[in-house]
Amino acid sequence: MTELYKLSIHEAGELLRQRKISSVELTQVHLERIREVEPKVKAFTLVTDELALQQAKEADKRFASGENLHPLTGIPIAIKDVICTKDITTTCGSRMLENFKPPYNATVMERLNEAGIVMVGKTNMDEFAMGSSTEHSAFFPTRNPWDLERIPGGSSGGSAAAVAAGMAMGSYGSDTGGSIRQPGALTNLVGLKPTYGRVSRFGLVAFASSLDQIGPFARNARDAAILLQTIAGQDPRDGTSSPTPTQDYSAALSGDIKGLRIGVPEEYWVEGTQPGVVSAVKESIERLRELGAKVNPVSLPHTKYGVAAYYIIAPAEASSNLSRYDGVKYGYSYRDTTDMWEAMEKTREFGFGPEVKRRIMLGTYALSAGYYDAYYKRAEKIRTLIKQDFDKVFAEYDALVSPASPTVAFKLGEISDPYQMYLQDVFTIPANLAGICGVSIPGGFSEGLPVGLQLLGNDFKEDTILRIADAFEHVTDYHNRWPSL
Amino acid sequence: MIDRETVKNVAKLARLGLGEDEVETFGNQLSAILDHIHILQEADVSGVSPTAHASRLTNIMRADVPQPSYAPEVLLANAPDQDENCLKVNAVLEEA
């Protein structure tokens with residue numbers, strides 16, 4: 001039973017409930033796997049092995065008492081280090097919060113703890129979730145398990161790498177412009193960004209509050225459904241969480257997508273997308289057709305403004321959100337002066353890394369007098385146009401399909417120009433601006449590296465995109481492949 | 001084009017200390033990024049109202065009932081400096 005870490009969550013859950021394996025056994029296998037491959041992958045900012053074993057024992061007690069158990073009870077899970085965990089460091093990949101221990105749990109953590117998960121650790125990320133490669137972590141870059149010379153995507157690169165390498169059975173990340181879907185694509189996982197408001201943001205350290213959502217990484221659609229179900233739903237502590245009832249995501253996985261109308265946005269075939277990505281995605285679209293979906297080209301005419309609008313709106317919100325890091329209340333604090341302003345400026349100079357500073361600067365500039373109308377207000381109007389594009393298309397279509405990322409995983413240090421890095425999210429950003437849901441799924445390989453297929457669904461249509469993802473897995477085996485580590 | 005003076009002015013607005021080399025680098029990088037973002041000026045946005053967030057919810061209220069809060073020592077546990085259950089900061093007002 002040395003390969004227990006290769007089980008899916010739903011398979012492991014079955015074995016746990018039948019008491020064929022124990023959670024302690026399952027957890028030990030994962031901790032052993034962490035000892036073996038983590039030195040190469042570097043997915044974690046913190047491995048919580050003692051806590052994990054304690055939670056596993058608790059889970060086994062629950063199994064022994066025959067309590068009404070949750071599908072995640074006793075399952076080893078990794079958490080992105082931007083989600084607050086009570087009394088456990090939550091660094092956001094930043095020197096600023098290197099020693100920060102939140103006094104409370106995020107709502108998502110409360111729900112996961114109630115379900116009885118085993119938390120194996122907190123995962124590495126681009127600082128404050130700003131980046132597409134995890135190279136902007138203040139601590140160290142994370143490596144892609146499929147090729148250790150390459151990045152795992154970002155900003156939730158640690159959460160993706162942990163699941164892809166078998167160090168956790170599932171994980172959670174956050175997606176502001178593609179930070180779940182792009183790393184999911186680059187590591188051969190299912191990475192889902194829920195509809196804005198589907199999941200509580202309470203206790204998610206804020207980057208861009210009108211865009212941020214927490215979502216899961218899994219190795220298949222059925223596991224993703226379980227992971228989403230556990231965290232979905234309204235929360236009185238997040239005024240933007242939606243009262244729209246959640247669906248039964250597992251029950252939605254019928255395997256049948258006959259007659260489903262799937263659009264292929266013409267504007268998503270952009271110059272600069274690698275030929276290997278294009279051919280894998282086109283082949284995957286054929287599979288959807290063979291499954292009986294009605295696939296047709298559609299147009300989202302304002303797509304070309306997406307990245308530019310996002311790089312005004314997200315930095316503007318970030319510059320406001322990150323003004324809280326002033327060295328007074330918590331976090332890194334420059335002490336070597338008695339001058340209040342100098343202390344604040346030096347705290348932020350030494351506490352933040354280059355990408356965070358760049359975005360604070362960009363956001364402050366876009367919001368400053370004389371530029372507000374030309375940049376911020378205009379970007380928000382374009383956001384309306386992008387949303388209207390989706391509204392029109394979703395009046396006639398159930399879902400959209402596209403590449404998740406223009407490239408496969410690139411090498412560490414390969415992209416040094418900030419704007420080139422921003423273009424990694426060209427296909428994922430529009431969904432955040434519009435608030436709709438999206439998922440990246442294993443969609444083939446190009447030169448041995450995973451290619452992600454993105455499925456976009458209308459507001460609160462997570463059930464539809466997961467149904468397509470699951471049906472796709474019935475006719476492909478990409479999701480079953482493992483990296484050799 | 002973002003010149004050095006603009007960089008320094010924006011950094012001051014953000015209370016963000018920058019090294020001399022960063023002033024140079026950010027000037028060049030922000031100029032390049034804004035060149036790309038210039039595409040926004042091409043879009044026809046006449047008569048379009050802005051979208052600030054995607055939730056389409058407005059005025060979510062909760063019952064006005066007091067809830068228990070945290071003990072001061074819990075909230076101050078991460079404070080860089082404290083005194084008598086208060087955050088300790090540098091003098092805000094200059095001495096005359």
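This is a predicted model: local features need pLDDT of at least 70, side-chain atom pairs count only at pLDDT 80 or more; totals for chains, interfaces and linings use all residues.
Let me start where the two chains meet: across the interface of chain A and chain B, 17 residue pairs are found in polar contact, with both partners at pLDDT 80 or more.

How many salt bridges cross the interface of chain A and chain B? The rule finds three, and I will show one of them, in which B:R15 pairs with A:E345, the closest N and O atoms lying 3.2 Å apart.

Now to the extent of this interface. In terms of residues, 65 from chain A are in contact with 52 from chain B. The size of an interface is often given as the accessible area lost when the parts come together. Here the area buried between chain A and chain B is about 5100 Å², and carbon and sulfur atoms give 67% of that. In chain A, the residues that lose the most area to chain B are A:M361, A:R378 and A:K381, which together make up 14% of what that side buries.

Let me turn to the sheet of chain A. It is an open sheet of 11 strands with mixed pairing, and the order, if you want to trace it on the screen, is β1-β3-β2-β4-β6-β5-β10-β11-β9-β7-β8. At the edges are β1 (44–47) and β8 (294–298) of chain A, each of which pairs on one side only. On average, and ignoring direction, neighbouring strands of this sheet are turned by 25 degrees against each other.

Within the sheet, strand β10 (residues 437–446) and strand β11 (residues 449–457) of chain A run antiparallel and are joined by eight bridges; in this pairing, A:V439 stands opposite A:L455 of β11(A).

Two helices of chain A belong in this picture. Helix α7 (residues 221–231) packs on the sheet, where it touches β2, β4, β5 (190–193) and β6 of chain A, and its direction makes about 150 degrees with that of β6(A). Helix α5 (residues 157–164) lies across β1, β2 (76–80), β3 (118–123), β4 (170–175) and β6 (213–218) of chain A, running at about 160 degrees to β4(A).

The loop between β3 and α5 of chain A holds A:S155, and the peptide bond from A:G154 to A:S155 is cis, with omega near 10 degrees. A:T134 also has its place in the loop between β3 and α5 of chain A, and A:T134 has a positive phi of about 65 degrees although it is not a glycine.

Conventions. Residues are numbered from 1 along each chain as its sequence is written. Chains are lettered from A and ligands numbered from 1 in the order in which they are written. Side-chain values use heavy atoms; hydrogens and water are left out. Contact means heavy atoms within 4.5 Å. Buried area is the accessible area (1.4 Å probe) that two parts lose on being put together, summed over both. A salt bridge is a side-chain nitrogen of Lys or Arg within 4 Å of a carboxyl oxygen of Asp or Glu. A polar contact is a pair of N or O atoms within 3.5 Å; within protein, one must be able to donate a hydrogen and the other to accept it, and residues adjacent in sequence count only if both atoms are side-chain atoms. Two strands pair if DSSP finds at least two bridges between them. Helices (H or I, at least four residues) and strands (E, at least two) are DSSP runs, numbered from the N terminus. Axes are lines fitted to C-alpha atoms, for helices over the stretch in contact, and angles run from 0 to 180 degrees between N-to-C directions.
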